[in-house]
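The exercises below concern one structure, shown next. Work through each task before reading its solution.

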Amino acid sequence: ASEISRLFLEIKKEVDTKNVGYELMVKTLLINILVIINRAYTSIPENYQIEGVSHTSKQLEKALMFINENIENKLTLDIIAQSAAMNKTYFSSCFKKLNGISLWDYITIKRVEKAIELLKTTNLTKIDIAMKCGFNSSANFYKAFRRVTGKNPSFFSRGNN
């Protein structure tokens with residue numbers, strides 16, 4: 001409950017500040033809330049399904065876990081769809097339908113979240129952080145960072161907060 005409360009406060013902050021990319025951040029935070037709730041209610045019987053949604057959401061949850069565990073690696077639609085044991089076209093469609101954002105927007109947001117954590121807690125260079133977060137160039141890192149947060153990475157650097 002405390003984690004969900006914290007996430008709702010982050011959503012409120014995003015909506016209040018309306019920085020560039022805040023809509024994507026709000027959707028990501030809502031996804032995190034849904035995953036927490038889903039994990040809390042694992043006592044629902046395995047055979048309980050609503051028109052196949054249960055099976056598909058379990059496959060998507062596997063993919064989300066795979067992405068989170070491999071965020072620093074090169075991720076492709078083929079690899080991620082395989083982790084969910086789904087056809088890539090169907091996976092992509094289901095992901096967007098159930099999460100409200102594209103797979104690539106989700107991955108970008110997760111990479112930027114990891115970068116913010118590293119910026120705040122380490123003295124690594126920005127290019128090292130970009131590489132550790134799965135960005136293949138500093139240009140892509142800065143562009144994605146600005147799109148998601150509305151700020152440059154330096155804003156979050158250790159000592160600037």
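**Exercise 1.** Is Gln59 buried or exposed?

Solution. The model is predicted, so a threshold applies first: local features need pLDDT of at least 70, side-chain atom pairs count only at pLDDT 80 or more, and totals for chains, interfaces and linings use all residues. Residues are numbered from 1 along each chain as its sequence is written, and side-chain values use heavy atoms, with hydrogens and water left out.

Step 1: Buried means under 20% relative accessible area, exposed over 50%, and partly exposed in between, with a 1.4 Å probe and protein chains only.
Step 2: apply them. Gln59 has a relative accessible area of 12% and is therefore buried.
Step 3: Gln59 belongs to helix H3, residues 53-69; helices (H or I, at least four residues) and strands (E, at least two) are DSSP runs numbered from the N terminus.
Step 4: list its partners. With neighbours within four places in sequence left aside, Gln59 is in contact with Ala84, Ala85 and Met86, where contact means heavy atoms within 4.5 Å.

**Exercise 2.** Describe Ala85, one of the partners of Gln59.

Solution. Step 1: Ala85 sits in the loop between H4 and H5.
Step 1: the relative accessibility of Ala85 is 63%, so Ala85 counts as exposed.
Step 2: the phi of Ala85 is near 55 degrees, a positive value in a residue other than glycine.
Step 3: Most residues other than glycine have a negative phi.
Step 4: take a further case. Lys18, in the loop between H1 and H2, has a positive phi of about 50 degrees and is not a glycine either.

**Exercise 3.** State the secondary structure and the overall burial of the protein.

Solution. Step 1: the protein has eight helices and zero strands, and from the N terminus on the elements run α-α-α-α-α-α-α-α.
Step 1: of its 161 residues, 37% count as buried.
Step 2: the protein exposes about 9700 Å², of which carbon and sulfur atoms supply 55%; these areas come from the Shrake-Rupley method with a 1.4 Å probe, and for residues only the protein chains shown count as cover.
Step 3: among contacts between residues at least 6 apart in sequence, 58% join residues at least 24 apart.

**Exercise 4.** At what angle do H2 and H6 pack, and how far apart are their axes?

Solution. Step 1: H2 (residues 22-40) and H6 (residues 103-121) pack at about 85 degrees, with their axes 10 Å apart. Axes are lines fitted to C-alpha atoms, for helices over the stretch in contact, and angles run from 0 to 180 degrees between N-to-C directions.
Step 1: H2 and H6 are therefore roughly perpendicular to each other; angles under 35 degrees count as roughly parallel, over 145 as roughly antiparallel, 65 to 115 as roughly perpendicular and the rest as oblique.
Step 2: Leu24, Met25, Thr28, Ile31 and Asn32 of H2 meet Asp105, Tyr106, Ile109, Lys110 and Glu113 of H6.
Step 3: these residues divide into five nonpolar, two polar and three charged. Ala, Val, Leu, Ile, Met, Phe, Trp, Tyr, Cys and Pro count as nonpolar, Asp, Glu, Lys and Arg as charged, and the others, Gly among them, as polar.
Step 4: look at Thr28 in H2. Its relative accessibility is 0%, so Thr28 counts as buried. Apart from neighbours within four places in sequence, Thr28 is in contact with Ile101, Ile109 and Glu113.

**Exercise 5.** How are H6 and H8 arranged?

Solution. Step 1: the axes of H6 and H8 (residues 138-149) come within 10 Å and cross at roughly 95 degrees.
Step 1: H6 and H8 are therefore roughly perpendicular to each other.
Step 2: the residues making the contact include Val112, Ala115, Ile116 and Leu119 of H6 and Phe141, Phe145 and Val148 of H8.
Step 3: by class, the contact of H6 with H8 has nine nonpolar, two polar and two charged residues.

**Exercise 6.** Which residues of the largest nonpolar core touch the most other members?

Solution. Step 1: a nonpolar core is a set of buried Ala, Val, Leu, Ile, Met, Phe, Trp, Tyr and Cys residues joined through side-chain atoms within 4.5 Å.
Step 1: of the 43 residues in the largest one, Ile67, Ile80, Phe91 and Phe145 touch the most other members.
Step 2: H6 gives the most to this core, with nine residues.
Step 3: leaving aside neighbours within four places in sequence, the contacts of Phe145 include Val112, Ala115, Ile116, Leu119, Pro153 and Phe156.
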